[in-house]
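Student: Could we go through some local features of this model together? Please show it to me before we start.
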Amino acid sequence: MASGGEHTHDHDHHHDHKHDLHDGSFVGADGKVYHSHDGLAPHSHEPIYSPGFFSRRAQPLINRDFNERAFTVGIGGPVGTGKTALMLALCQNLRDRYSLAAVTNDIFTKEDGEFLVKHKALPEERIRAVETGGCPHAAIREDISINLGPLEELSNLYKADLLLCESGGDNLAANFSRELADYIIYIIDVSGGDKIPRKGGPGITQADLLVINKTDLAQAIGADLGVMQRDALRMRDGGPFVFAQVKHNVGVEEIVNHVLQAWEATTGKKRR
């Protein structure tokens, strides 16, 4: 079932007034249906009525204390589009000038964290892997404590300048809460076909940056990059996107530049 929208974190409040349904879910005081699974706190799934608008996306939180938790980049996208490869590329490009730490999410394994460790993206102690269970979007939106804990701990341990948080692979409706990500990158790839950008969904329309990865596969797939460019611009109200081949370092410098511009604008610091 598609999911989306911002959700309340005041879970205990809902238990006081809940009306239990037969399937283990319940109706909270706000009238929304909540359910809980995989050890996650109870959360609701709000319907999404439109593909979303870039200009109406949630803005970064004002008055956020970056001493408590450093500027956090959230990387989301469907399964297999290159999220972990982008995490590795960002680490390789930024680690010499900035103090970094990374948290990866997988549904049932710690595979992505292990990939970063194996490829020496960062010293092993700066990488944490979180198992989210069956709703990876809940860990980046409704019940973000599972990510906030390790991010805050790493931030303080290593006096981090930037934190990277990789979502588990999910559908086009998954997007980060602004309470978790100050800058959101959503990565799709051309192997899903050139129709993906126009399908919309909060990830595509409301991420701060859309990355269309694996452009080298376009010919094999029969995907038209011109169509993808046109649709990405239209669906994102002209918001920024980058064509990339992350594995071959194509487009990575542009992505890094977007991240650092946002870091400077949000934290008031100057890039090194």
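Tutor: Asn63 counts as exposed, with a relative accessibility of 78%. Buried means under 20% relative accessible area, exposed over 50%, and partly exposed in between (1.4 Å probe, protein chains only). This is a predicted model, where local features need pLDDT of at least 70, side-chain atom pairs count only at pLDDT 80 or more, and totals for chains, interfaces and linings use all residues. Residues are numbered from 1 along each chain as its sequence is written, and side-chain values use heavy atoms, with hydrogens and water left out.

Student: What is the phi of Asn63?

Tutor: Most residues other than glycine have a negative phi. Asn63 is not a glycine, yet its phi is positive, at about 65°.

Student: In which loop is Asn63?

Tutor: Strands are DSSP runs of E with at least two residues, helices are runs of H or I with at least four, and both are numbered from the N terminus. Asn63 lies in the loop between β4 (43-44) and β5 (71-76).

Student: Is Asp237 buried or exposed, or in between?

Tutor: Asp237 sits in the loop between α9 (225-235) and β11 (241-243), and has a positive phi of about 50°. Its relative accessibility is 40%, so Asp237 counts as partly exposed.

Student: Which residues of α2 and α3 make the contact?

Tutor: Contact means heavy atoms within 4.5 Å. The axes of α2 (residues 83-94) and α3 (residues 111-118) come within 10 Å; axes are lines fitted to C-alpha atoms, for helices over the stretch in contact. The residues are Thr84, Met87 and Leu88 of α2, and Asp112, Phe115 and Leu116 of α3.

Conventions: Axes are lines fitted to C-alpha atoms, for helices over the stretch in contact, and angles run from 0 to 180 degrees between N-to-C directions.
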